[in-house]
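Here is a short report on charged side chains that pair up. Look at the model first, then read on.

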Amino acid sequence: MFKIKNILLEKIIKILKLILKKSIFLIKSVFLLDNLTPFEVNGNMDFLTRIKFLKKTQLKVPFSLGRSARGISFNDYLINDPIYKIIYEASQYKNVMEIIDSFFVILKNENNLSAADIVGLKNNERLKQYPAWCYVLPWENTDINFKLNNYESIQKVKREQKALEYNFKNRTVKDNYIYSKEMAESQVLQSIKLFESIKRFGLLPQFDLPSFHILVKGNKWKWYMSQGNHRAYILYNLKYKFIGGIVDSVIIKEKSHLWPNVLNGLYSVKEAEIIFDYLFDAERSIGPCI
């Protein structure tokens, strides 16, 4: 009986959260708070903008202010983002095996880098001890040791699920998977499959909305992708000017001393702010390919 009551309570809480979420979405839509003004589209902020940035609510943002998950601007330089390069080459009808081989070379090269290399802080002794794929950003809640112990197994499960979703047969997931040929093949085939689907049918309703983080420095703002990176690359490639999604978090440079991976000593305040500026100004790629 106690177990049944707990299950019912969890369902009620879930329903209430969904109702609250939809109500907030509706209010933002009614008051036009899910769209930006020309002033805001140019990267400026005022008091009302901060309301539009309310976490876990919908917002339509311009690609002109966007950064990929690797910190590269959505402009001509985006071709330097390895995942976008897959999408671009698919749009140019390049041979699939050539795309896979090219991406695998990038993975092999990245396998020789540390987390310190991948974020551009080669003097950070703690980050030097971790592989590139294990990097965490200063403002993330993820602990780097937790990621080290769990990320590879999570990726293997995700790739297995994607293989089933896209009906790819005999896609076995092996050990040391992150920088393997199997990972390269999986990423490329699934990216191309998604590109072809969106190009033909648009964004299908069964997909969750993409999400992004808002970066704030003074009264200026930018955004970078959180979830739904492939969809963002594809929409940009298809000449969309905006992408709609969910505000995942708001990262304010002036609060760098409070970021989780600063408080635990992984980054100094100065290092954390360097990483922030890399993203905000799109000065360099700061993330791995996976």
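Lys128 and Glu125 form a salt bridge, with N and O 3.2 Å apart. Both residues sit in helix 7 (residues 125-128). They are three residues apart, about one turn of the helix. Lys128 is partly exposed, at 38% relative accessibility.

This model is predicted. Side chains of opposite charge can pair when their charged atoms come close. A salt bridge here needs a Lys or Arg nitrogen within 4 Å of an Asp or Glu carboxyl oxygen. By this rule there are nine salt bridges. Three of them are listed below.

| Pair | Closest N and O atoms |
|---|---|
| Asp81 and Arg70 | 3.0 Å |
| Asp277 and Lys253 | 2.9 Å |

Now take Asp81 and Arg70, which form a salt bridge. Both lie in the loop between strand 2 (66-67) and helix 4 (82-91), so the pair ties together parts that are eleven residues apart in sequence. Are these two residues buried or exposed? Asp81 is buried, at 0% relative accessible area. Arg70 is buried as well, at 6%.

The next salt bridge joins Asp277 and Lys253. Asp277 belongs to helix 12 (residues 269-281), while Lys253 is in the loop between strand 5 (242-252) and helix 11 (260-263), so the pair ties together parts that are 24 residues apart in sequence. Asp277 is buried, with a relative accessible area of 17%. Lys253 also counts as buried, at 16%.

This pair has partners. Lys217, Lys253, Asp277 and Asp281 are linked in a network of salt bridges.

Notes:
Residues are numbered from 1 along each chain as its sequence is written. This is a predicted model: local features need pLDDT of at least 70, side-chain atom pairs count only at pLDDT 80 or more; totals for chains, interfaces and linings use all residues. Side-chain values use heavy atoms; hydrogens and water are left out. A salt bridge is a side-chain nitrogen of Lys or Arg within 4 Å of a carboxyl oxygen of Asp or Glu. Helices (H or I, at least four residues) and strands (E, at least two) are DSSP runs, numbered from the N terminus. Buried means under 20% relative accessible area, exposed over 50%, partly exposed in between (1.4 Å probe, protein chains only).
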